[in-house]
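Here's a quick report on a two-chain model, written for someone who will want the cut-offs spelled out. Have the viewer open as you read.

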Amino acid sequence: MVEGVEALRPDLAVIFRSVEAGSRALDVGCGDGALMAALRDHKQVDARGIEIDGAMVERCVARGLSVVQGDADRDLACYPDGAFDYAILSQTLQTAERPDRMLKELLRVGRRAFVSFPNFAYWRMRWALVRRGRMPVTRHLPVSWYETQNIHHVTVRDFEALAHDLGIGIERCWFFTGTRECGRGAANWRAEHALFELARAD
Amino acid sequence: MGSETPPDLAAREDGAAPAAPRSLGLSRPLPLDSGQSLERVTMAYETYGNLSTARDNAVLICHALTGDQYVASTHPRTGKPGWWARMVGPGLPIDTDKFHVICANVIGSCLGSTGPASLAEDGEPYAMRFPVITIRDMVRALVGMLDEMGIERLYSVVGGSMGGMQALSMAANFPGRAGRVLAIATTSRHSAQNIAFHELGRQAIMADPDWQQGAYYGTGRAPGAGLSVARMAAHITYLSEDGLTRKFGRRLQDRDAVGFGFDADFQVESYLRYQGSGFTRRFDANSYLYITRAMDYFDLAEEHGGQLARAFAGHRRGTEARFCLVSFDTDWLYPTAESRHVVHALNAAGAPVSFVELSAPYGHDSFLLDVPALDRVVAGFLHG
């Protein structure tokens with residue numbers, strides 16, 4: 001692994017490996033810019049970001065990254081069609097006002113998209129809900145229902161169905177438990193979070 | 001912008017000498033947007049830090065409406081420290097150990113660069129014969145100065161307020177001249193409200209009988225009352241309501257009860273009068289007319305066929321410059337939406353841009369004041 005890359009979250013590490021060198025990428029909800037910096041430094045990617053948290057934007061700017069403070073629900077609209085080879089949305093879909101519109105926007109500004117999200121059908125979630133009858137609070141979703149930013153909980157199967165309905169092609173997918181990648185078998189039970197590579201249907 | 005401090009009259013009268021003002025003459029006439037041209041243009045400037053042998057570490061700082069070249073050195077008329085001394089210096093965010101910082105007085109102003117108080121070819125001050133100039137004309141003059149200095153490409157151009165307009169105008173009209181463009185608390189166009197406040201200021205000056213159609217130089221009279229009112233009105237737009245409330249509230253000035261008269265009963269009145277009269281000692285009323293006019297005419301999109309994204313077409317491949325825009329949440333003169341508008345245009349043009357809205361209580365003036373987050377963004381953008 002190259003320097004700075006081993007520290008990436010597992011879904012980001014997969015995205016890092018999968019993005020073509022020298023391409024253009026938009027990281028929506030880029031946080032402190034760790035993925036963007038890795039893509040720029042090791043794969044000569046022209047990376048841009050959107051981040052809602054001003055303190056995170058500051059850190060990105062100090063890393064020499066081009067990041068705009070903004071709200072992905074609104075601000076994606078100001079990017080031209082096909083401006084990027086990749087649009088990246090990691091662990092943010094479930095916070096979107098309208099995840100379906102967000103997916104369409106991602107594939108409007110990017111030829112391809114990487115989308116990762118916590119799988120609400122993960123067995124520990126199901127078990128917690130069944131056993132306690134209350135909204136689960138877990139390692140991946142540590143915030144109570146009333147203060148969580150996650151307003152659209154989604155499962156692997158929900159996501160696949162939405163992609164199908166929107167005519168979006170699923171190119172590849174990866175599943176994770178904790179920090180480790182897990183197999184595709186029974187992913188809707190076994191995966192704590194999921195990553196999809198999407199392409200326009202055309 | 002910024003606050004006036006008590007002028008040190010004694011020091012001024014015995015001519016307490018600042019460092020010799022530095023200036024250069026442009027070797028060519030300056031073409032203007034009005035179609036006229038300005039002959040024998042003088043640019044007064046200050047520099048800080050050494051120019052590298054490769055001449056690649058120059059940072060041009062563009063000043064605001066009533067600013068000047070004394071960005072980090074004592075103002076010769078007021079004895080005050082430089083207007084951005086907290087930002088520019090050794091080890092500061094705009095680090096003069098690393099950068100060769102240049103700041104020039106804009107044309108139309110009154111601190112040594114050619115303006116309405118300068119002498120025309122007939123040996124008399126231009127006064128209202130001075131041509132109406134634009135922000136782009138100011139930038140042309142700055143670029144002319146850089147040509148004279150032999151600086152082909154700036155490491156960065158930086159400006160707040162009207163300085164930000166110049167930075168954006170330079171990026172649009174001279175896309176190869178700066179590698180990084182930092183525009184703070186600014187806009188790509190003057191709004192109706194912006195123009196309205198400026199018109200109020202201009203009318204106050206022109207209504208002053210001492211203005212004498214602008215030909216007041218050498219008459220022993222100058223439109224101080226009008227200029228003072230203009231400054232008072234403008235100063236309010238630089239602050240936030242919350243800031244004024246916190247600083248003054250309804251507190252009375254040197255009295256326990258209102259005086260049932262028109263003296264400055266309230267502290268805020270006293271403060272504004274002080275700001276106004278302090279300003280008249282350092283600024284020329286005609287310069288105020290010309291520079292506010294230039295700002296009112298500013299519309300970067302209109303210069304480029306009505307589409308702001310086209311203004312930045314020279315940055316399409318992202319190879320020319322990186323941009324950073326900063327706004328403040330309490331700035332109602334050039335609110336965040338104006339910066340976002342520029343950011344969206346830069347995105348549409350494909351230019352690499354960062355943007356952050358900072359939280360600070362001081363309104364538009366926040367860019368000049370103690371806002372640690374601004375220091376971090378400026379340092380981060382220039383060094384990152």
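Predicted model: local features only at pLDDT ≥ 70, side-chain atom pairs only at ≥ 80, totals over all residues.

## Around helix 3 of chain A

Helices here are DSSP runs of H or I with at least four residues, strands are runs of E with at least two, and both are numbered from the N terminus.

Helix 3 itself spans residues 54–62, and its buried residues are Val57(A), Glu58(A), Arg59(A), Cys60(A) and Val61(A). Buried means 20 or more other C-beta atoms within 10 Å of the residue's own, with C-beta atoms placed from the backbone. The cover over them includes strand 2 (46–51) and strand 3 (66–69) of chain A, plus strand 11, strand 12 and helix 11 of chain B.

## Chain B's side of the interface

On chain B, 21 residues are in contact with 17 residues of chain A (C-beta atoms, placed from the backbone, within 7 Å). Two or more residues each come from strand 11 (322–328), helix 10 (336–349), strand 12 (353–358) and helix 11 (372–383) of chain B. Strand 12 gives the largest share, 6 residues.

Residues are numbered from 1 along each chain as its sequence is written, with chains lettered from A and ligands numbered from 1 in written order.

The scores are ipTM 0.90 and pTM 0.93. Chain B averages a pLDDT (the predictor's per-residue confidence, from 0 to 100) of 93, and 94% of its residues score at least 70. Over residues 4–18 of chain B, though, pLDDT is below 50.

Note on methods: Contact = placed C-beta atoms within 7 Å. Buried ≥ 20, exposed ≤ 12 C-beta atoms within 10 Å, placed from the backbone.
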